[in-house]
Amino acid sequence: MLSPPAFLAALSALVSSPARAEIPFAADSAAESSAGGPLPEVTITGERLDLLGTAQTASEGVVTDEEIQLTPAYRPGQLFETVPGLIVTLHSGEGKANQFLMRGYNLDHGTDLETYVDGMPVNQPTHAHGQGYTDLNFLIPELADQITYTKGTYYADVGDFGAVGSVHMSYRDTVADQLAASVGTLDFQRIFTAGSQPLGAGNVLAAVEVQHYDGPFVTPDDARKENAVLRYSEGDDRAGYSVTAMLYHQLWTNTTDIPLRAIDEGLVPDRFGTLDPTDGGRAWRASLSFNEHAPLGAGQFMASAYFIDNQLHLWNNFTHFLVDPVHGDQEDQMENRRAFGGAASYALPVSLGTLANEISVGALVRDDNVHVGRLPSEDRVPLPAANDPPSFSDDDQVYLFAGALYAQAITHWTPTLRSVLGLREDYQHGTDIDYLAALHETAGYTNGGTDRQALAQPKASLIYTPLETLEFYASAGRGFHSADLRGVNQTVSVDLALPRSPLLARQEGQEVGMRALPAHNVTFTLAVYNLWQQSETIINPDVGADIAGPPSRRYGFEINATWKINQWLEFYGSYSGDHTRFTRPFDDGTGHLGDYITDAPVATGSFALYLSHLGRWSGGLEYRYLGNYPLSSGPCVNAAAVRDFPSVATSCANAPTAPGQVNGKGFGQLNLDLHYRLWSGWSTSLGIYNILNSQAAAAEFWYVDRLQSEIPNYPDGRADVHIHPLEPIMARFTIVKTFGARDD
């Protein structure tokens with residue numbers, strides 16, 4: 001059981017009244033080094049170096065516990081920025097899922113980024129707000145143990161949403177008994193307590209987090225978050241199991257992205273203002289998961305199972321008075337989801353003559369039962385669906401089943417040449433009961449129906465290792481992402497008039513790369529990739545959700561480097577340059593037509609310095625970079641202007657839109673976490689974020705809306721750039737008491 005101080009702290013945290021505090025450097029590991037003793041040899045990004053001889057591509061890797069702890073991050077999801085080239089930002093309130101960007105993709109809230117935490121899938125298909133919605137607010141950073149990641153379509157064990165990338169985070173089995181309190185600017189407070197004790201043949205771990213955060217906004221976010229974890233585990237790296245229960249709840253107000261003209265005209269005081277102060281949300285997540293690994297014969301067996309209960313309400317007003325000039329366009333996107341499933345795999349070394357092989361087979365199943373909808377509201381009060389166009393409202397009961405089988409063979413042909421061949425077969429089946437079918441049929445469509453599809457995915461890699469310090473890779477494969485079942489059942493998409501989307505949209509990729517250790521303290525990887533996608537998932541602000549778009553193609557490169565400068569200082573950097581286009585012209589709904597993929601960045605990157613065990617000091621300094629991106633699909637085209645603004649436009653000359661290509665600006669942000677270990681189990685941390693006080697936007701969008709003053713003169717609305725700002729410079733201070741730590 002928890003020690004008395006930690007148990008009492010947990011009780012006090014539950015009755016106290018979060019985004020993430022800076023993570024105190026792990027007291028149980030830091031305490032092992034005394035200020036007067038020799039400095040230990042620590043390689044923070046060391047496991048990134050150990051992949052020579054085992055990796056399948058240059059685009060996979062491992063992030064260790066220490067690197068996670070030292071990475072400056074002020075939201076839980078930003079821990080995923082330890083994955084090279086991945087940027088995690090936010091375009092609305094704290095309780096909403098992050099926005100992810102990688103390899104020239106605006107992954108929005110998680111589409112095409114397969115995400116697992118403790119063996120549980122986080123992506124949510126056929127979601128109220130975005131396909132593959134990935135809400136990481138239930139993460140407790142101090143419990144994160146390791147991250148593994150892949151990129152591309154080349155891995156047999158990676159499935160739905162994983163063609164661009166996959167991220168798997170594991171939780172630790174034990175943690176030092178501790179109590180941490182954090183305070184910060186912008187009205188940030190956090191209390192965290194955790195502990196673990198032996199129980200039977202294993203260990204029980206308990207953790208509680210409560211947090212409050214207002215942010216810099218005129219209407220405070222007033223985000224109130226509670227998290228709790230209870231875990232029992234037995235065994236070691238060779239054989240063991242864990243059972244974990246998690247509970248997450250959050251309430252918040254959010255400032256939705258606002259049009260620039262609202263700032264210019266003084267309708268809001270500055271970029272932190274809002275046009276609808278009642279926007280916000282509430283979220284609930286409860287889960288129970290099981291993970292096991294054990295030797296079986298000459299091989300290794302792994303299995304997992306989970307049950308997840310998710311509930312969400314999002315109140316957003318994106319278009320203001322474009323749809324409803326009387327009540328405004330606020331909408332309540334809601335869902336009540338129960339998902340259960342599991343996975344099993346078996347890996348077996350097999351010798352065929354003189355050839356060494358490793359054969360892996362696996363299977364997984366998932367079943368989602370979700371009541372999902374989108375209904376008009378005003379000040380969070382429901383309005384009759386009949387008040388608005390039929391496509392503004394949805395109310396559906398959806399049943400989704402997903403299953404997959406895969407096999408993979410790794411063959412060592414010579415000491416320097418190996419191959420990886422894989423085959424995966426996915427099958428999905430879904431049924432939608434459209435409770436508003438009568439309303440939708442007045443517009444000539446319905447969400448209701450049943451669809452099913454299977455997709456075979458061959459995958460292959462060839463790896464050449466001419467030296468112990470040098471490896472080359474060539475890979476190709478097929479992957480996919482699933483589409484929202486409601487759109488799949490529509491013969492033609494209601495909002496963009498695009499052809500019906502397949503349930504499983506194919507993605508085909510190729511990559512060549514290298515991994516090298518040019519010196520004993522330097523490692524370097526380079527990957528050049530190409531990815532074609534049958535249906536690009538795009539953001540449609542008119543419905544406040546993701547929808548299936550036209551085909552697309554991307555190609556680019558990614559460079560990563562680690563330099564261990566000395567025994568206590570390490571540099572890590574990554575940079576990705578990307579070229580992205582639709583394969584045919586696309587009308588983005590603002591009178592603009594072209595092949596640019598909106599919000600797809602031309603580059604992403606990060607550069608970090610890690611300080612480890614310099615006496616009592618540790619820390620991380622990181623510069624995160626998001627390149628510029630197109631906001632419109634092209635310049636204004638007369639035919640598109642007439643189609644998108646039928647009441648007023650005869651050409652681009654009199655359409656309420658910009659004449660040329662519209663682009664957004666990325667950002668650079670410098671963040672610091674500094675940790676100091678005191679005595680008798682006490683330690684402190686200071687986090688300073690956006691040190692250079694960048695006033696850039698965290699996200700920008702280009703779409704049509706209408707302000708209340710524009711109702712008489714703009715029947716079809718006006719196109720404008722909409723922004724959500726980065727927070728200004730902010731600081732957070734944490735003090736930690738670790739119970740039972742050695743007094744040195």
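**Terms and the values behind them**

Mentor: Strand S16 gives the largest share of the lining of the largest cavity, four residues. Please note that this is a predicted model, in which local features need pLDDT of at least 70, side-chain atom pairs count only at pLDDT 80 or more, and totals for chains, interfaces and linings use all residues. Residues are numbered from 1 along each chain as its sequence is written, and side-chain values use heavy atoms, with hydrogens and water left out.

Trainee: What makes a space a cavity, and which residues are the closest to the centre of the largest cavity?

Mentor: A cavity is a set of points, on a 1 Å grid over the protein atoms alone, where a 1.4 Å probe fits but cannot get out; lining residues have an atom within 4 Å of a point. The largest cavity has a volume of about 180 Å³, a volume being the space filled by probe spheres set on the points. Of its 20 lining residues, Val122, Gln124, Asp135, Arg285 and Asn310 are the closest to the centre. Strand S15 (280-296), S16 and strand S17 (331-352) each supply at least two residues of that lining.

Trainee: Why is S5 called largely enclosed?

Mentor: Strands (E, at least two residues) are DSSP runs, as are helices (H or I, at least four), numbered from the N terminus. Buried means under 20% relative accessible area, with a 1.4 Å probe and protein chains only. Five of the five residues of strand S5 (residues 113-117) are buried, so S5 is largely enclosed by the rest of the structure. Leu113, Thr115 and Val117 point one way from S5, while Glu114 and Tyr116 point the other way.

Trainee: How do you know that S5 pairs with S8, and in which sense do they run?

Mentor: Two strands pair if DSSP finds at least two bridges between them. Five bridges join S5 to strand S8 (residues 165-171), and the two run parallel; in S8, Met169 is the bridge partner of Val117. S5 also pairs with strand S6 (residues 120-121), over two bridges in the antiparallel sense. There, Val117 has Met120 as its bridge partner.

Trainee: What makes a set of residues a nonpolar core?

Mentor: The set must consist of buried Ala, Val, Leu, Ile, Met, Phe, Trp, Tyr and Cys residues joined through side-chain atoms within 4.5 Å. The largest such core has 48 residues, and Val117, Ile147 and Met169 are among those with the most contacts inside it. Strand S16 (residues 299-316) contributes the largest share of this core, four residues. A second, separate core of 28 residues includes Leu626, Ala641, Trp702 and Val721.

Trainee: How do you know that Cys636 and Cys652 form a disulfide?

Mentor: A disulfide is a pair of cysteine sulfur atoms within 2.5 Å. The S to S distance of Cys636 and Cys652 is 2.1 Å, so the pair meets the definition. A search of the whole structure finds one disulfide.

Trainee: Why is the disulfide called left-handed, and why does Cys636 count as buried?

Mentor: The torsion about the S-S bond of Cys636 and Cys652 is about -100 degrees, so the disulfide is left-handed. Cys636 has 12% relative accessibility and therefore counts as buried. Cys652, at 17%, likewise counts as buried.

Methods. Buried < 20%, exposed > 50% of the residue type's maximum accessible area, 1.4 Å probe, protein only. 1 Å grid on protein atoms, 1.4 Å probe; cavity = no way out; pocket = protein on both sides within 12 Å on 5 of 7 lines; lining within 4 Å.
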